[in-house]
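Here are some quick notes to go with the model. Have it open while you read.

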Amino acid sequence: MRAPLILSLGLALGAIPVLAQEPATPPDPALVDAGHATYRTKCQSCHGPSATSDPGGDIRGKTFRQIRSATAGFDQMPEIPLTEDQMTALAAFLAQLSDAE
Ligand code: HEC
């Protein structure tokens, strides 16, 4: 009797992370909003309201890795410390801008 109970419990617990995963598309609106908020305070002054303006240039569609690399600072791009959550949200925001094209 005990083994089937443990087995079904294991299956139930195993199913939870699958259900909790974010769908790849469409982007989670809350994540996009959080990314937009971070964008406005930390990026918009150089990359503009649509992430296409100078001096920073077009960063629509930049990925988490590209954001992490760029915000470590290079050339004219200053070092901007961000949490991984902020970078994930920024990537979601920038991805949705590039989709709108
Ligand atoms: C003080 C102005 C400034 C701010 C603020 C700024 N950037 Fe930039 N960023 C630049 C400039 C200038 C460049 C181009 C650097 C170069 O090519 O010399 C750049 C380049 C980049 C690139 C690389 C683009 C490419 O074509 O490879 C990414 C990605 C980027 N920025 C992301 C961000 C993000 C995300 C933020 C906010 C967290 C941000 N930047 C805030 C000025 C800024």
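A residue counts as near a molecule or strand when its C-beta atom, placed from the backbone, lies within 6 Å of it. Keep in mind that this is a predicted model, where local features need pLDDT of at least 70 and side-chain atom pairs count only at pLDDT 80 or more, while totals for chains, interfaces and linings use all residues. Numbering starts from 1 along each chain as its sequence is written.

1. Let's start with the ligand. It is surrounded by 21 residues, and the closest are Cys 43, Cys 46, Ala 70, Asp 75 and Gln 76. By type, the shell splits into 11 nonpolar, seven polar and three charged residues (Ala, Val, Leu, Ile, Met, Phe, Trp, Tyr, Cys and Pro count as nonpolar, Asp, Glu, Lys and Arg as charged, and the others, Gly among them, as polar). Helices H3 (44-47) and H4 (64-70) each supply at least two residues of that shell.

2. Now the overall fold. The protein chain has five helices and zero strands, with helices (H or I, at least four residues) and strands (E, at least two) taken as DSSP runs numbered from the N terminus. Of the chain's contacts with a separation of 6 or more, 63% are between residues 24 or more positions apart; a contact here means C-beta atoms, placed from the backbone, within 7 Å.

3. How do H2 and H5 pack? Helix H2 (residues 29-42) meets helix H5 (residues 84-99) at an angle of about 100 degrees, with the axes 7 Å apart. That makes the two roughly perpendicular (65 to 115 degrees; under 35 is roughly parallel, over 145 roughly antiparallel and the rest oblique). Axes are lines fitted to C-alpha atoms, for helices over the stretch in contact, and angles run from 0 to 180 degrees between N-to-C directions.

4. Who makes that contact? On the H2 side the residues include Leu 31, Gly 35 and Tyr 39, and on the H5 side Ala 89, Phe 93 and Gln 96 are among them. The contact residues come to eight nonpolar, five polar and no charged.

5. A closer look at H5: its buried residues are Ala 89, Leu 90, Ala 91, Ala 92, Phe 93, Leu 94 and Leu 97, and they pack against H2 and H4. Buried means 20 or more other C-beta atoms within 10 Å of the residue's own, exposed 12 or fewer, and partly exposed in between, with C-beta atoms placed from the backbone.

6. Finally, Pro 29 lies in H2. Pro 29 is exposed, with 10 other C-beta atoms within 10 Å.

Notes:
Two residues are in contact if their C-beta atoms, placed from the backbone, lie within 7 Å.
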